Amino acid sequence: MSTDLPVIVIGGGPVGLAAAAHLLERGLEPLVFEAGDEVGAAVRDWGHVRLFSPWRYDVDVAAARLLEESGWTPPAPDGLPTGAELVERYLEPLAATRQLSTRIRTGTRVLAVTRQGMDKTRTVGRDGRPYVVRTMRDGRVVDVLGRAVLDASGTWGHANPLGPAGLGAVAEDVAMPWLAGPLPDVLGRDRGRFAGRCSLVVGMGHSAANTLLALVRLREDEPGTEITWAIRGRSPARLYGGGDADGLPARGLLGAELKAAVASGAITLIREFALVSFDVPPGGDGRLGVSGTGRDGVARTLFVDVVVGATGFRPDLDMLREVRLSLDPAVEAPRQLGPMIDPDLHSCGTVPPHGESVLAHPDAGFYIVGMKSYGRAPTFLLATGYEQVRSIAAALAGDTEAAGHVCLDLPATGVCSVDLGDRAAVEAAGVGFATGGAHGWSAAEPAVTGCCGTSQPAAVGVGGQ
Ligand SMILES: Cc1cc2nc3c(=O)[nH]c(=O)nc-3n(C[C@H](O)[C@H](O)[C@H](O)COP(=O)(O)OP(=O)(O)OC[C@H]3O[C@@H](n4cnc5c(N)ncnc54)[C@H](O)[C@@H]3O)c2cc1C
């Protein structure tokens, strides 16, 4: 394959831009396609939300080196940015650097990925064929060749449906006018939709928690605001979290505040609720009927003005239809990674640092990275993604030693319901346990401890039930 071809990066979010920085450092030519009009389009959508991870974990090292060359002033490592600040103080200046600005194409959506002249069924001569990335820009379809592809397109915009068993509820499509996205800006842009009205929040991730607490704040000014929170599970304990024991204090506080708001009666919590159908009011005006069943099978209908579906996200795999992938059948993450992040087993989201070998697919040179690499698991952290792309860039440059030496150090979470299990089994899956501060500005001592007995705990769930 021609080494003159670029490495194509799909998505100009934090991990896609970090990938470009690492590729450049390795002497490889990145080309980033970003669907939004500007980089960080997904993060901008939830710009009103404050991250739990302080800046030290939010900035990639290779990106920081590029930025420092351009005279960038790094934010205080312990500060907690909002999504908007992450864009303004980090992603925008990074995309504007001399090295990256010419290598990013915004307003360009990737429609599909394949290998030149080969559909998925063709094996002979497959290896070594360049990738063809089909893009759409200004209504025009353009195919671009790449020597490798990193899909860093995230999962934002692909929310899980609200019905049970992974399917939409009956009439979910018709109920759209009553459904808010997963993270509405309750105290800002979307205030009018919630003030003095009756809201139902569905879900048990941090997105749900953020919205619920914003609604509680709104209720202080707008006393008619009613808040109901429906969860499928029996207990919200996992979201209430580790409190003071949480390695990310902002996350511990969120859980503690939510618990207090439920205890005070500001939020009405409905447990074990399986949302089955919506009933749109006659004439399309008035409250939406939301029907579901509890664990005992007893039907119940709520009437609300707005529903916030915070039930997590799933990866868009349609555009990868022609690529030979190896995915975990449950989580839709790369096969070796899936069992380590399965949210059914790992409430804390603990995952050992992992790199190129864990993320590889049968089609060599193709990788899913960043938020999308976690498939349906909600516990991805930026620092994990930065280490993924460092390792992949090293591998693509032929530095197998650096690719295999995966390093990460993050604060331990205080909550984990299930043990990750046998370290030997995890190592057998090709996951290294070495640590060494390959992120942010902190150097770390080797450590193999954490809530699940691994070296890289602490994750944030942004959705899910
Ligand atoms: C509310 C919230 C809070 C979070 N808080 C934290 C935190 O505190 N700490 C932490 O470490 N992580 C946090 N995360 C998790 C995660 O780090 C973020 O979601 C992060 O934005 C993931 O980065 P990414 O680059 O993988 O994906 P994204 O930021 O989603 O970027 C993907 C980019 O790809 C573009 N794109 C999508 N499809 C296409 C296509 N077909 N063609 C071209 N471009 C495309 C999108 O427009 C987007 O710009 C949080 C997530 C959310 C939602």
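Q: What does L94 touch, leaving out residues up to four places away in sequence?
A: L94 touches L17, A63, L66, L67 and L100. Contact means heavy atoms within 4.5 Å.

Q: Where do these coordinates and numbers come from?
A: The model is predicted: local features need pLDDT of at least 70, side-chain atom pairs count only at pLDDT 80 or more, and totals for chains, interfaces and linings use all residues. Residues are numbered from 1 along each chain as its sequence is written, and side-chain values use heavy atoms, with hydrogens and water left out.

Q: Which residues touch the most other members of the largest nonpolar core?
A: Y90, L94, L150, I341, V369 and L396 do, in a core of 53 residues. A nonpolar core is a set of buried Ala, Val, Leu, Ile, Met, Phe, Trp, Tyr and Cys residues joined through side-chain atoms within 4.5 Å. Buried means under 20% relative accessible area, exposed over 50%, and partly exposed in between (1.4 Å probe, protein chains only).

Q: Which elements give two or more residues to this core?
A: They are β1 (7-10), α1 (14-25), α4 (61-69), α5 (83-95), β7 (148-151), α11 (338-341), α12 (356-359) and α13 (382-396). The largest share, eight residues, comes from α1. Helices (H or I, at least four residues) and strands (E, at least two) are DSSP runs, numbered from the N terminus.

Q: What about a second core?
A: It is separate and has 29 residues, including V186, F194, I231 and Y240.

Q: Back to α4. Which of its residues are buried?
A: V61, A62, A63, A64, L66 and L67. Their cover includes α1, α5 and α6 (98-101).

Q: What caps the N-terminal end of α4?
A: D60 does. A side-chain oxygen of D60 lies 3.0 Å from the backbone nitrogen of A62. After α4 comes G71, with a positive phi near 85°.

Q: Switching to sheets. What is the strand order in the open sheet of five strands?
A: The order is β8-β15-β9-β10-β11, with parallel pairing. Two strands pair if DSSP finds at least two bridges between them.

Q: Which strands stand at the edges?
A: β8 (179-180) and β11 (268-270). Each has a single partner strand, so one side of each is left without a neighbour in the sheet. β8 pairs with β15 over two bridges, in the parallel sense. A180 has V308 in β15 as its bridge partner.

Q: And which helix packs on that sheet?
A: Helix α8 (residues 206-221) does, touching β9 (198-202), β10 (226-230) and β15. The direction of α8 makes about 165° with that of β10. Axes here are lines fitted to C-alpha atoms, for helices over the stretch in contact, and angles run from 0 to 180 degrees between N-to-C directions.

Q: What handedness does the β-α-β unit of β9, α8 and β10 have?
A: Right-handed. That is, with the strands pointing away from the viewer, the path from the first strand over the helix to the second runs clockwise. Five bridges join β9 to β10, and V201 stands opposite W229 in β10.

Q: Why is β10 largely enclosed?
A: Because four of its five residues are buried. On to β11: three bridges join β10 to β11, with T228 paired to T268.

Q: Is E272 buried or exposed?
A: E272 counts as buried, at 19% relative accessibility. It sits in the loop between β11 and β12 (274-279). Phi of E272 is positive, near 50°, though the residue is not glycine.

Q: Last one: what does the side chain of R324 join in a polar contact?
A: The side chain of T123, at 2.8 Å. A polar contact is a pair of N or O atoms within 3.5 Å; within protein, one must be able to donate a hydrogen and the other to accept it, and residues adjacent in sequence count only if both atoms are side-chain atoms. R324 is partly exposed, with a relative accessible area of 21%.
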